[in-house]
Amino acid sequence: MLIVKDVSVSFQDVQVLDHVCLQVKNGEFISLIGTSGCGKSTLLNVLSGALKPQSGNFAIDGVTIEGMSHHFAYMPQNDLLLPWYTIMENVTLYGKIHHRQKETMQKASQAFEVFGLTGYEHAYPFELSGGMRQRAAFLRTALCDADILLLDEPFGALDVITRNDMQDWIVQMRKQWNKTTILVTHDIDEALYLSDRILILKGRPAHIVKEISLGGIEKDRDWLDEQSELRKNIRNLLRGQADA
Ligand SMILES: Nc1ncnc2c1ncn2[C@@H]1O[C@H](COP(=O)(O)OP(=O)(O)O)[C@@H](O)[C@H]1O
Ligand SMILES: [Mg+2]
């Protein structure tokens with residue numbers, strides 16, 4: 001269980017996050033939605049240890065975490081692959097660091113097809129399109145041995161068809177491999193489809209203004225098509241209108 005308590009962040013004199021509190025159960029998939037610039041990436045930076053909050057703290061299973069920790073695998077918004085490594089070497093980087101490269105390579109080989117990377121195992125990042133590089137970066141994060149995945153708009157640069165394929169793949173993967181995940185997205189449908197819970201971050205400084213629970217629902221694209229009411233409520237909340 002991850003418990004984030006009263007995390008506040010300011011840059012110079014501007015406060016961005018204001019006493020953000022949230023809890024994520026082990027194996028839970030939550031999405032963080034908010035308008036651009038509201039502080040979503042800032043919150044993930046805090047959790048990953050890249051940024052120290054002015055106040056507040058967070059703990060995993062009761063142990064307070066400070067700085068970088070092995071608990072999180074972070075895919076930042078502008079994730080970069082290492083240009084001097086092949087795609088296979090890039091996606092198995094964490095395995096190599098933890099002396100489990102062979103095992104990680106086996107897992108990676110199985111995932112290349114669904115990630116649309118087949119045939120590019122030995123290519124270098126500059127030979128791939130932007131979308132393919134993003135998928136490779138996502139695969140690298142997914143193959144990391146951490147407890148909690150932090151994904152910052154991982155499908156932002158993908159075309160809608162590839163994006164939907166990746167979302168479907170995540171839904172399938174979760175049935176076997178239930179990693180705790182915090183996904184930052186501005187795509188309401190993506191959040192509805194993938195999450196057990198959606199948290200809406202809002203305001204300047206921002207805090208969590210609403211939680212929508214979707215746990216235990218058997219979802220498919222037909223279910224998603226029927227969620228016009230929820231979609232509308234979230235959109236209105238983000239726009240600043242009253243909760244419908
Ligand atoms: N290192 C930084 N220094 C100064 N301001 C920053 C820094 N990082 C983010 N900000 C500001 O904090 C706000 C929140 O940024 P960010 O967390 O990236 O938003 P989001 O990911 O929700 O789009 C923005 O106004 C941004 O300009
Ligand atoms: Mg961001």
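Trainee: What radius of gyration would a compact globule with 244 residues have, and what does the protein chain have?

Mentor: The rule puts a compact globule of 244 residues near 18 Å, and the protein chain has 18 Å, which agrees. That radius is taken over C-alpha atoms, and the globule rule is 2.2 Å times the number of residues to the power 0.38. Along its principal axes, the C-alpha trace spans about 50 × 40 × 30 Å. Keep in mind that this is a predicted model: local features need pLDDT of at least 70, side-chain atom pairs count only at pLDDT 80 or more, and totals for chains, interfaces and linings use all residues. Residues are numbered from 1 along each chain as its sequence is written, while chains are lettered from A and ligands numbered from 1 in the order in which they are written.

Trainee: How many helices and strands are there in the protein chain?

Mentor: Nine helices and ten strands. Helices (H or I, at least four residues) and strands (E, at least two) are DSSP runs, numbered from the N terminus.

Trainee: And into which domains is the chain divided?

Mentor: Domain bounds come from an automatic or database domain assignment. Here, domain 1 takes in 1-67 + 149-154 + 179-244, and domain 2 is 72-145. Their C-alpha centres lie 26 Å apart. Ten residues from domain 1 and ten residues from domain 2 make the contact (two residues are in contact if their C-beta atoms, placed from the backbone, lie within 7 Å). On the domain 1 side, α1 (40-48) and β7 (148-152) are the elements giving two or more residues. The residues on that side split into six nonpolar, two polar and two charged. For those classes, Ala, Val, Leu, Ile, Met, Phe, Trp, Tyr, Cys and Pro count as nonpolar, Asp, Glu, Lys and Arg as charged, and the others, Gly among them, as polar.

Trainee: Now the sheets. In what order do the four strands of the open sheet stand?

Mentor: Strands of a sheet pair through backbone hydrogen bonds, either parallel or antiparallel. In this one the order is β2-β1-β4-β5, with antiparallel pairing; two strands pair if DSSP finds at least two bridges between them. The edge strands, β2 (14-24) and β5 (63-64), each pair on one side only. Seven bridges join β1 (residues 2-11) to β2, and F11 stands opposite V14 in β2. Helix α1 packs on this sheet, touching β1, β2 and β4 (55-60), at about 65 degrees to β2. For such angles, axes are lines fitted to C-alpha atoms, for helices over the stretch in contact, and values run from 0 to 180 degrees between N-to-C directions.

Trainee: Which order does the open sheet of six strands have?

Mentor: Read across, the order is β6-β7-β8-β3-β9-β10, with mixed pairing. β6 (72-75) and β10 stand at the edges with a single partner strand each, so one side of each has no neighbour in the sheet. Neighbouring strands are turned by 15 degrees against each other on average, direction ignored. As examples, I30 stands opposite R197 and L199 opposite E211. Helix α1 lies across β3, β6, β7, β8 (180-185) and β9, at about 150 degrees to β7. Helix α5 (residues 130-142) also packs on the sheet, touching β6 and β7, at about 175 degrees to β6.

Trainee: Where does D6 have its place, and what is its phi?

Mentor: Most residues other than glycine have a negative phi, and most peptide bonds are trans. D6 sits in strand β1 and has a positive phi of about 55 degrees although it is not a glycine. In the hairpin of β9 and β10, with four residues between the strands, G203 takes a positive phi near 100 degrees. P205 lies in that loop, and a cis peptide bond joins R204 and P205, with omega about -5 degrees.

Trainee: Last one: which residues are around ligand 1?

Mentor: F11, V16, G34, S36, G37, C38, G39, K40, S41 and T42. A residue is near a molecule or strand if its C-beta atom, placed from the backbone, lies within 6 Å of it. The largest share of the shell, three residues, comes from α1. By class, the shell has three nonpolar, six polar and one charged.
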